[in-house]
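Dear colleague,

I am handing over the structure below, and after it I set out what was found.

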Amino acid sequence: MIDLHTHSTVSDGSDPPAGVVRLAAAAGCRAVALTDHDRLDGLAEARAEAAHHGVELVPGCELSCAWSPGTLHLLVYFVETGEGPLQEELVRLQVDRHERNLALVRRLRELGVPITAEEVEAEAGNGGVGRPHVAAVLVAKGVTNSIQEAFDGWLGKGAPAYIPKGRLEPSRAIHLARRSGGLPTLAHPLSLGLPPEQLREAVAELADAGLVGLEAYYGRYEPDERAALIAMAEDLGLVATGGSDHHGRYKPGLTVGSGAGDLEVPDSVLEALAARRA
């Protein structure tokens with residue numbers, strides 16, 4: 001069993017990178033990918049912990065791309081810290097995210113919500129600040145009752161305090177990933193918000209642009225949804241990948257290794273990705 005989609009305190013998860021690896025080891029995972037949003041900072045810590053537990057660490061990150069009406073995220077595997085075109089773009093995205101977070105706090109204050117950037121940064125600790133940290137502060141202040149309620153009522157797309165962040169065009173993100181030695185895969189594809197036939201057409205276009213995989217074994221998908229996505233991946237020549245999308249307490253109900261409880265990503269997925277690297 002493996003898990004190729006997890007987040008740590010480096011971006012918007014509640015567990016440190018080493019903690020994510022410990023959870024993977026406890027779940028019986030042979031390998032785990034750390035895929036923080038726009039960041040690779042947690043890889044060194046995660047790799048050291050993985051070596052201690054005999055778990056293979058798959059280095060990676062998750063990129064947000066321009067898309068409408070839904071959302072398009074790419075998981076990039078086997079990308080490391082250091083120099084490279086994607087790594088340079090990640091630095092720019094982190095600066096943009098910081099500016100977006102400040103604008104988000106200002107918007108909330110304009111709407112009458114008593115919140116400061118310092119409170120959000122304290123919630124994030126030493127990691128990158130994201131909307132889940134803002135949501136957690138709103139819950140702590142009694143503005144909302146849950147993280148999900150904070151997104152639905154304040155922070156999500158179309159909500160009063162929503163501020164978009166910088167996003168890459170999908171084809172450019174795929175190009176940067178491939179030039180940097182990474183393997184780009186489409187995360188939680190149903191979030192594109194498309195009916196089946198249009199989804200297939202969109203994925204086919206991404207495959208033509210260099211997409212390698214499709215996240216079919218997703219933490220919250222039903223068995224029939226996973227089966228349909230596995231069939232789509234096979235038909236388009238893509239690797240059917242998968243993971244829990246673990247964020248800890250910021251996304252309750254998704255556990256490393258098992259997702260919502262019934263997830264089991266086979267080891268063969270990692271072997272198929274390794275073959276694409278070769």
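Buried here means under 20% relative accessible area, exposed over 50%, and partly exposed in between (1.4 Å probe, protein chains only). Helices (H or I, at least four residues) and strands (E, at least two) are DSSP runs, numbered from the N terminus. This is a predicted model, in which local features need pLDDT of at least 70 and side-chain atom pairs count only at pLDDT 80 or more, while totals for chains, interfaces and linings use all residues. Residues are numbered from 1 along each chain as its sequence is written, and side-chain values use heavy atoms, with hydrogens and water left out.

In helix α7 (residues 170–179), the buried residues are Pro170, Ala173, Ile174, Leu176 and Ala177. They lie on the same side of α7, because the arc they cover around the axis (taken from the directions from the helix axis to the C-beta atoms) is only 165 degrees. These buried residues pack against β3 (56–65), β4 (72–77), α3, β5 (183–186) and α8 (196–208), contact meaning heavy atoms within 4.5 Å.

The whole structure holds 14 salt bridges, each defined as a side-chain nitrogen of Lys or Arg within 4 Å of a carboxyl oxygen of Asp or Glu. One of them joins the side chains of Glu89 and Arg172 (3.4 Å, N to O); since Glu89 lies in helix α3 and Arg172 in helix α7, the pair ties together parts that are 83 residues apart in sequence. Glu89 counts as buried at 8% relative accessibility, whereas Arg172, with a relative accessible area of 41%, is partly exposed.
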